[in-house]
Amino acid sequence: MDKTLLRQAMIKFFSGVLLVGLLLFLPAGTLYFRRAWLLMGILFIPMFLAGLVMLFKSPELLRRRLKARESEGEQRMVIALSGLMFLLSFILAGLNYRSDWMMLPRWVSLAAAAVFLLGYGFFGEVLRENVYLARTVEVEKGQKLIDTGLYGIVRHPMYSATVLMFLAMPLVLGSPLSFAVMLLYLPIIAKRIRNEEQVLSKGLEGYKEYCGRVKYRLFPWIW
């Protein structure tokens, strides 16, 4: 076992738990925000288990997933906008609970939790199919084109999964205001995809031909 990789993964994981917890519970003014606990459970328990699997089965994939520094200026802007979106969405959800502005019914939160876990399942399948799945937009030496499984249906199945997950998050929290903010993810991810495809078309052999075969980027018959 790579102890350095384990340490890096644990630091990143618990930092994420702490940050999300602060963003939700401080604005809520209480730890009795049950829907926040539900979100943290469905978000971080699968993440922890997936990290363990990657640590033992595919440490290089885990190392790629931990790398977050983008070399592309346009992608750094996308990451900054995404960060602001999450900050505002989570803080609004906590304030929404505290002030009881517009809380959605509990069944909406439960249904959204199911959609979130479905998205997590798709995400896990993408991780299994593509060992080159880094968080940054780049082409590695020796990288091969993946065009099987979900990649034979849409060109960016990982982003398809994140759309399901991210739009489900504010609904799990019961906050329509946060959902409205999270809709900004759609133009943000579209911007990221367009830039990513430019990078891949230049650096990844066969990618242009792949785009000709697989027409849709995120969802069949939509985009």
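Start by selecting R213 and D147: their side chains meet in a salt bridge, 3.0 Å from N to O. R213 sits in helix 9 (residues 207-213) and D147 in the loop between helix 5 and helix 6, so this pair ties together parts that are 66 residues apart in sequence. D147 is partly exposed, with a relative accessible area of 34%. Keep in mind throughout that the model is predicted.

**A salt-bridge network**

Next, select R155 and E197. Their side chains also meet in a salt bridge, at 2.9 Å from N to O. This pair too links distant parts of the chain: R155 is in the loop between helix 5 and helix 6, E197 is in helix 8, and 42 residues separate them. Are these two residues buried or exposed? R155 is buried, at a relative accessible area of 7%. E197 is buried as well, at 8%.

S160 touches V154, R217, L218 and F219, leaving aside residues up to four places away in sequence. S160 lies in helix 6. Its relative accessibility is 8%, so S160 counts as buried.

Move to R128 and E125. They form a salt bridge whose closest N and O atoms are 2.7 Å apart. Both residues lie in helix 5 (residues 106-129), three residues apart, about one turn of the helix. R128 counts as exposed, at 59% relative accessibility. E125 counts as partly exposed, at 26%. A search of the whole structure finds four salt bridges.

**The whole chain**

Zoom out and colour by secondary structure. The chain has nine helices and zero strands. From the N terminus on, the elements run α-α-α-α-α-α-α-α-α. Of the 223 residues in the chain, 45% are buried. Among contacts with a separation of 6 or more, 80% are between residues 24 or more positions apart.

**Into the core**

Hide the surface and select L24, L39, F90, F116, M169 and L173. Of the 60 residues in the largest nonpolar core, these touch the most other members. Which helix gives this core its largest share? Helix 6 does, with ten residues.

Centre on L39. Leaving out residues up to four places away in sequence, L39 touches L24, F90, M169, V172 and L173.

**Aromatic pairs**

Now show the rings. The structure holds ten aromatic pairs. One of them joins F13 and F48: the pair is tilted, with 5.4 Å centre to centre and 55° between the planes. F13 lies in helix 1 (residues 3-28) and F48 in helix 2, so the pair ties together parts that are 35 residues apart in sequence. F13 is buried, with a relative accessible area of 14%. F48 counts as partly exposed, at 31% relative accessibility.

Jump to F166 and Y185. This aromatic pair is edge-to-face, 4.8 Å centre to centre, with 70° between the planes. F166 lies in helix 6 (residues 157-172) and Y185 in helix 8 (residues 185-203), so the pair ties together parts that are 19 residues apart in sequence. Both F166 and Y185 are buried.

Ring pairs link F13, F14, F44 and F48 into a cluster.

**Out to the surface**

F56 lies in helix 2 (residues 34-57). F56 is exposed, with a relative accessible area of 56%.

**Last stop: a loop**

Finish at L184. Where is L184 placed? It is in the loop between helix 7 (176-182) and helix 8. At 47% relative accessibility, L184 counts as partly exposed. Now draw a distance from L184 to F86. The two are 98 residues apart in sequence and 10.0 Å apart in space, C-alpha to C-alpha.

Conventions:
Residues are numbered from 1 along each chain as its sequence is written. Side-chain values use heavy atoms; hydrogens and water are left out. Helices (H or I, at least four residues) and strands (E, at least two) are DSSP runs, numbered from the N terminus. Buried means under 20% relative accessible area, exposed over 50%, partly exposed in between (1.4 Å probe, protein chains only). Rings of Phe, Tyr and Trp (its six-membered ring) pair if their centres lie within 6.5 Å; planes under 30 degrees apart count as stacked, over 60 as edge-to-face and the rest as tilted. Contact means heavy atoms within 4.5 Å. A nonpolar core is a set of buried Ala, Val, Leu, Ile, Met, Phe, Trp, Tyr and Cys residues joined through side-chain atoms within 4.5 Å.
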